[in-house]
Amino acid sequence: MELPPRLFTLLLMLLEWTRPGLPSPLRPICDLRVLKHFIEEARDAQAAMLTCKEGCGFPEPVTVPQTKVDFSVWERKNALEQAQEVQSGLWLLNQAIGSLRASVTNTALQSHIDNSLINIFRIGKVLRSLNIQECTPPAGGVPGGEETWRVSSASELLQVHVNFLRGKLQLLLSNAPVCH
């Protein structure tokens, strides 16, 4: 019997939280099906946002991470630099989706937005399970050298979210040293 990806992810997280005894380090989550679950939910949010006609925009453009990957540049970066780029991108996405949450008045879409924010938090837990250090951007925003751009619509933001998960995050997770 094969479990649906969402149920698998939920069971994995539930088992981690309900373990009795003293807290212990997270076990590495190397199964890319967990990432596929996050990508599918991001796509669901994007599809829902495309149907929105009113109350689903930004008052002003927001900054998001660049999603294109130059593989020759990416491969020259060490694991820490790659992790910092992904963490910075996740931080930007969290900020932008949080702004979207504050500006959306369509209640049907708010659950998708909330789910996207929760999933960014969960992705952080997955990264910590892989011993990937959390990176806190400086007070002014993203660390120097991080490429960004601005989007002005919710559908653009959620497309960036999907592309970021499918691109830089997947590259980082698929090459995590603890998984090899």
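**Asp114 and Arg101**

Asp114 counts as partly exposed, at 28% relative accessibility (buried is under 20% relative accessible area, exposed over 50%, partly exposed in between, with a 1.4 Å probe and protein chains only). Arg101 is also partly exposed, at 28% relative accessibility. The model is predicted: local features need pLDDT of at least 70 and side-chain atom pairs pLDDT 80 or more, while totals for chains, interfaces and linings use all residues. Residues are numbered from 1 along each chain as its sequence is written, and side-chain values use heavy atoms, leaving out hydrogens and water.

The side chains of Asp114 and Arg101 form a salt bridge, 2.5 Å from N to O (a side-chain nitrogen of Lys or Arg within 4 Å of a carboxyl oxygen of Asp or Glu). Asp114 lies in helix H5 and Arg101 in helix H4, so the pair ties together parts 13 residues apart in sequence (helices are DSSP runs of H or I, at least four residues, numbered from the N terminus).

**Packing of H4 and H5**

Helix H4 (residues 79-103) packs against helix H5 (residues 107-129) at about 160 degrees, with the axes 10 Å apart (axes are lines fitted to C-alpha atoms over the stretch in contact, and angles run from 0 to 180 degrees between N-to-C directions). H4 is therefore roughly antiparallel to H5 (an angle over 145 degrees).

**Other salt bridges**

The whole structure has five salt bridges. Lys168 and Glu85 meet in one of them, at 2.5 Å from N to O. Both Lys168 and Glu85 are buried.

Methods
Helices (H or I, at least four residues) and strands (E, at least two) are DSSP runs, numbered from the N terminus. Angles under 35 degrees count as roughly parallel, over 145 as roughly antiparallel, 65 to 115 as roughly perpendicular and the rest as oblique.
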